[in-house]
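Open the model in your viewer and keep the selection tool at hand. The stops below go from one selection to the next.

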Amino acid sequence: MARRKFATLKRFLNYIGVEGDRTIFTWVSASEGDRFAQVIKGVTAKVKALGPANKMLKNIA
Amino acid sequence: MENIESKLREEAKRLLLEKRADIIVGYEKGTLPLTATPCFVSTEAEADKLVYNELCTQNLAKYVHDLITAHKNSQKRVKPEDRKKKVIGVVARGCTTRSLIIHLQERQYERDEVYIIGVPCEGYVDKKNLAKALDSAEIIDGNLDGLQLKIKTAAGDKTIAVSDVIAPNCAVCRFNNPIISDIMVGTPAPVKNPATEYDKISEFEKKDIAERWDYFTKEMEKCIRCNACRQACPSCYCPTCFAEQSQPQWVGIGEDKSDTQVFQCMRLFHMVGRCVDCGSCISVCPMGVDLRNYLKKIDKDCWELFGTRAGSSMEEMPPLGKFSEQDKEDFIYNP
């Protein structure tokens, strides 16, 4: 069910204009330390490439 | 439609007389010309005010839920053995029955608490389309003659065919006849043109991401957060809406545009597998926000990914309540 929600959420956010690479979903088991590191590296690389997120951001004066 | 109306009144009287329903939710003539408004009928004499025509817009499932919830709350302090069930009769067309199915699947009430009087639907007149057709001239008087609207406006008389000012969601309706009903009044209406229902969405999907974001911000800037869309939506029935929750406060109450965007985004996303495209939210929106562009996208995704349409069958589980081994996995990130 969570996966179904994420599948639709990713598509929906991309549709309204939030880059698909900002919504990332995967499974990591507690025993998969290496995989966790890989995922985080990948995610940071993707987000770095996109630059800072400035959509739906609240300006608190 | 005249025929349906008289049958409907007869049926409503019979239900009230036989005590098979305590209240009947239907439509009555509105206070403004060419409008119909939801009404509650609890005595036989009142049943004569029921109308059913192409001017009935709102999805009545919302009222069924409200009435049943209010009744249940009033029964809370009554001893369990003395609690009474209240049966709500509802005049329901295709989209209303879909909403009722969603309520039933989400265990909001039991099937025997509603009595569904099914009516066929030819689509309803969209206020905004009508205003456009009349160049926003003020409607002084008007009546519905078959499928023709005879309108007296401040700028002269005009006759408009209902099919020319039909709501966009009705024009591509797939379920214009009730899916479930206890009794059917009138003969089923011919199906509309559902083959083109996702055309606009596919077109919008092809646009550049920056363009899509611009459109979203532009549309959401119109929103004044009156919450009319939420009030009209039959699928929005949470006792405490996230928009009003204060611990945690999901959305700020100020007029910051990010708050509006987040509110709309969250409300829209709560409609996955639950939006029946009845158009109630759009018809009540005072600012004309293009909500349908997003709601239909959710519907399209649901159909493409999970092969289900909201409230289309009583037996089928809601899409977010189950999973399948055939679900696509391309969205899962694998480094």
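Is Met56(A) buried, partly exposed or exposed? Select Met56(A): this residue is partly exposed, with a relative accessible area of 22%, where buried means under 20% relative accessible area, exposed over 50% and partly exposed in between (1.4 Å probe, protein chains only). Met56(A) is in the segment after H2 of chain A, and its phi is near 55 degrees, a positive value in a residue other than glycine. Most residues other than glycine have a negative phi, and most peptide bonds are trans.

This is a predicted model, in which local features need pLDDT of at least 70 and side-chain atom pairs count only at pLDDT 80 or more, while totals for chains, interfaces and linings use all residues. Residues are numbered from 1 along each chain as its sequence is written, chains are lettered from A and ligands numbered from 1 in the order in which they are written, and side-chain values use heavy atoms, with hydrogens and water left out.

Next, select the whole of chain A. Its secondary structure comes to two helices and zero strands; helices (H or I, at least four residues) and strands (E, at least two) are DSSP runs, numbered from the N terminus. The radius of gyration of chain A is 14 Å, well over the 10 Å that the globule rule gives for 61 residues, so the chain is more spread out than a compact globule. That radius is taken over C-alpha atoms, and the globule rule is 2.2 Å times the number of residues to the power 0.38. Along the principal axes, the C-alpha atoms of chain A fill a box of roughly 40 × 25 × 20 Å. Of the 61 residues in chain A, 26% are buried.

Now select Phe6(A) and Phe25(A). Over all chains there are 13 aromatic pairs, counted for rings of Phe, Tyr and Trp (its six-membered ring) whose centres lie within 6.5 Å; planes under 30 degrees apart count as stacked, over 60 as edge-to-face and the rest as tilted. Phe6(A) and Phe25(A) form a stacked pair, 4.2 Å centre to centre with 20 degrees between the planes. Phe6(A) lies in helix H1 (residues 2-16) of chain A and Phe25(A) in the loop between H1 and helix H2 (33-50), so the pair ties together parts that are 19 residues apart in sequence. Phe6(A) is partly exposed at 29% relative accessible area, whereas Phe25(A) is buried at 11%.

Phe331(B) is in the segment after helix H11 (292-306) of chain B and Phe25(A) is in the loop between H1 and H2 of chain A, so the pair joins two chains. Phe331(B) is buried, with a relative accessible area of 9%.

Then select Tyr15(A), Phe204(B), Trp213(B), Tyr215(B), Phe216(B) and Tyr294(B), which form one aromatic cluster.

Finish with two backbone stops in chain B. Gln247(B) and Pro248(B) are joined by a cis peptide bond, with omega about 0 degrees; Pro248(B) is in the loop between helix H8 (228-232) and helix H9 (257-269). Asp277(B), in the loop between H9 and helix H10 (280-284), has a positive phi of about 60 degrees although it is not a glycine. Asp277(B) is buried, with a relative accessible area of 14%.
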